[in-house]
Amino acid sequence: MLFAGPKLRLLRLLSSLTLLWLFILTDAKKDLKITCNTCRKITDNFNKGFDRTANQNFGGGNTAWEERTLSKYETSEIRLMEIVEELCDSSSFECNQMLEEHEEHFETWWFKKKTKHPDLHKWFCIETLKVCCPKGTFGPDCNACVGGSEKPCHGNGECDGDGTRGGDGTCSCERAYKGTFCLDCSDGYFNVERNDTFSLCTECHTSCKTCNGATNQDCDECKDGWEEDDQEACVDVDECSKDSSVCKEGEYCVNTEGSFSCKDCDKVCSDCTGPGPDQCQACAAGYQDTEGTCTDVDECSQSEVVCTKEHQECVNTKGSYTCVCSSGYEKREDECVQTPTQGKKSLIKRSSF
């Protein structure tokens, strides 16, 4: 027990150092990828500049004399400098730093290596600076990706660090594939063809969570919102046909494949079973059931007078009514009083009286 404290501290220290080392390694691999991408950008821009200057010349008045005297523009240092000047944006620190450190390599390649090594990226980034790897390989030693350099991840994913000196070669599979080798099918997909080096996964029927074929009878398991019928096929569950309503009051249910949605009832309904005024289960205030359809109640034609103030008239509206002053009268302090000059009728809301 006397050594429990020191041992525990030692274990914690080792654990912290391990985490720190893993963090350093991860950052280092990330930096290696960035360095390769910078180099690739430089060589890509060089090739674009090479194409851009293909039909140019020295730009003087006597091109023939210049080429005889100064050598051909096509292979000249002037053309090389014109290309190199356009390789990096002024804001790209990594690009400009790499170019400044290794500019002499471009002169070497241009004058001595171009004929024997026409692929600038391969000569400069892979073989000379050793910051990149050939496609389909990764890491410090340019090891082949899972599935081989010709077909990384068996053609069904991306190899971590592919073409760089970084990464660990693990596969990030496409949506339809999973597993270390990207040969297994993800849930919702099944193998049409499969061997040790090739796998073709196709999407299951929309009702299947997992399957072994293309139809709804090939489901191993149904998705939520689907259920197995007597023929062992996955069929849609009609949530709207259930006894207990899945929607709140004032909404109706619409069944969809594998699910449902709730939509607002017509404004004339307080509750309903579908769209429109003829699908109401109960009419909203101001409406009445007329042969199965909710229609407006004309409050102004009722036996009971609704506009009770003197010189008022009732105007029916959808689902309600409004009290207005009669012609020749206007509203003043909640009363309809005669006005010397006949104006427009003044609306007096029911709630005002």
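Across the protein, the average pLDDT (the predictor's confidence in each residue, from 0 to 100) is 87, and 84% of the residues score at least 70. This is a predicted model, in which local features need a pLDDT of at least 70 and side-chain atom pairs count only at pLDDT 80 or more, while totals for chains, interfaces and linings use all residues. Residues are numbered from 1 along each chain as its sequence is written, and side-chain values use heavy atoms, with hydrogens and water left out.

Confidence is highest in strand β5 (residues 177–178), with a mean of 98, and lowest in strand β23 (residues 347–348), with a mean of 46; strands here are DSSP runs of E with at least two residues, numbered from the N terminus. The pLDDT is below 50 over residues 19–28, a stretch with zero contacts in the model beyond near neighbours in sequence, where contact means heavy atoms within 4.5 Å. Over residues 342–353 the pLDDT is also below 50, but this stretch has 31 contacts beyond near neighbours in sequence.

We can now turn to a single residue. R194 lies in strand β7, which covers residues 189–194, and R194 counts as partly exposed because its relative accessibility is 43%, given that buried means under 20% relative accessible area, exposed over 50%, and partly exposed in between (1.4 Å probe, protein chains only). Leaving aside residues up to four places away in sequence, R194 touches L183, D184 and S199. L183 is 11 residues from R194 along the chain, and their C-alpha atoms are separated by 7.8 Å, while the side chain of R194 reaches the backbone oxygen of L183 at 3.1 Å. The side chains of R194 and D184 are joined by a polar contact of 3.2 Å, a term for a pair of N or O atoms within 3.5 Å, of which, within protein, one must be able to donate a hydrogen and the other to accept it, and for which residues adjacent in sequence count only if both atoms are side-chain atoms.

Notes:
Helix = DSSP H or I, 4+ residues; strand = E, 2+ residues; numbered from the N terminus.
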